[in-house]
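Thanks for coming. I will go through one model today, starting with its sheet and ending with its ligand. Please have a look at it first.

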Amino acid sequence: MSPRAVDPWVRSIAGFADACTEVEGLARAIRACTACAELAAARRHVVVGDTIPGARLLIVGEAPGATEDAEGRPFLGKAGRLLDRLMADAGLRRDETSVLNVLKCRPPDNRAPTRAEAARCTGWLDRQVTLLDPALVMTLGRSAMSWAIDAKTRLSDVRGTVHDWRGRRLVASYHPSAALRFGPNGEPHAALAADLRLVAKVLACG
Ligand code: SF4
């Protein structure tokens with residue numbers, strides 16, 4: 001049975017989130033969330049995300065790291081700087097892009113989110129997507145792809161393509177931390193750069 005089916009937090013977060021009818025009210029509800037006791041006890045900030053009214057592009061990553069937890073915003077630090085650079089190279093503007101994570105609180109030691117944590121926080125994320133209403137969602141990394149598509153799919157099988165998704169467009173790609181890990185000549189770096197160019201082309205076409 002999936003964590004969604006057995007964890008009472010999953011249903012109650014989805015209910016709280018659905019009751020929020022505007023982005024700021026939803027952000028206040030997310031900041032008060034203590035559903036994941038381990039994460040809530042250790043966090044410095046709940047990283048709600050950068051929510052830009054009217055943004056046509058929404059980027060979804062995995063979870064805050066140490067820098068994001070300290071400063072309260074997503075995609076800072078080395079991975080964030082690489083994303084900013086590759087976005088600029090593709091002609092995309094970070095200040096015109098909403099940026100969220102699957103998890104709003106930092107997992108200890110930057111471990112991957114557990115299935116239970118991701119299942120809970122997905123209620124907040126799903127509602128953020130609905131209220132922000134972007135034309136195109138770009139997922140970065142396995143956790144975000146698992147949220148949008150499923151956990152069994154291989155990222156390499158779905159990246160580089162525009163998918164129809166919940167009445168919007170979806171592009172899945174590698175997380176910039178993978179691009180950093182494999183270096184500038186590695187496949188994740190080239191793929192992420194190419195996928196950002198694909199996103200820019202799709203947005204330019206309306
Ligand atoms: S990770 Fe998400 S569900 Fe868990 S405590 Fe933080 S905001 Fe709540």
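How many bridges join β3 to strand β5, residues 168-173? There are 5 bridges, and the two strands run parallel. Thr139 stands opposite Ala172 in β5.

Before I go further, two notes on the source. This is a predicted model, in which local features need pLDDT of at least 70, side-chain atom pairs count only at pLDDT 80 or more, and totals for chains, interfaces and linings use all residues. Residues are numbered from 1 along each chain as its sequence is written. As for the elements, helices (H or I, at least four residues) and strands (E, at least two) are DSSP runs, numbered from the N terminus. Two strands pair if DSSP finds at least two bridges between them.

Now the other neighbour of β3. Strand β1, residues 57-61, pairs with β3 in the parallel sense over 4 bridges. Leu58 stands opposite Val137 in β3. β1 is in turn joined to β2 by 5 bridges, and these strands also run parallel. There, Gly61 stands opposite Asn101 in β2.

Put together, this is an open sheet of 5 strands in the order β2-β1-β3-β5-β4, with mixed pairing. β2 (97-101) and β4 (163-165) are the edge strands, each with a single partner, so one side of each has no neighbour in the sheet. On average, neighbouring strands of this sheet are turned by 30° against each other, direction ignored. Axes here are lines fitted to C-alpha atoms, for helices over the stretch in contact, and angles run from 0 to 180 degrees between N-to-C directions.

Is β3 buried or exposed? Strand β3, residues 136-140, has 5 of its 5 residues buried, so it is largely enclosed by the rest of the structure. Buried means 20 or more other C-beta atoms within 10 Å of the residue's own, exposed means 12 or fewer, and partly exposed is in between, with C-beta atoms placed from the backbone. Both faces are covered, with Leu136, Met138 and Leu140 buried on one side and Val137 and Thr139 buried on the other.

For contrast, take Asp157 in helix α9, residues 155-158. Asp157 has 10 C-beta neighbours inside 10 Å, so it counts as exposed. C-alpha to C-alpha, Asp157 and Thr97 are 26 Å apart in space, and they are 60 residues apart in sequence.

Next, helix packing around α7. The axes of α3 (residues 23-31) and α7 come within 10 Å and cross at roughly 165°. That makes α3 roughly antiparallel to α7. The cut-offs are under 35 degrees for roughly parallel, over 145 for roughly antiparallel, 65 to 115 for roughly perpendicular, and oblique for the rest. The axes of α2 (residues 8-19) and α7 come within 8 Å and cross at roughly 15°. That makes α2 roughly parallel to α7.

Last, the ligand. Which residues are closest to it? Of the 14 residues that surround the ligand, the closest are Cys33, Cys36, Lys104, Cys105 and Cys121. A residue is counted here if its C-beta atom, placed from the backbone, lies within 6 Å of the molecule. α4 (37-42) and α7 (115-132) each supply at least two residues of this shell. α7 gives the most, with 3 residues. The shell divides into 10 nonpolar, 1 polar and 3 charged residues. Nonpolar covers Ala, Val, Leu, Ile, Met, Phe, Trp, Tyr, Cys and Pro, charged covers Asp, Glu, Lys and Arg, and the others, Gly among them, are polar.
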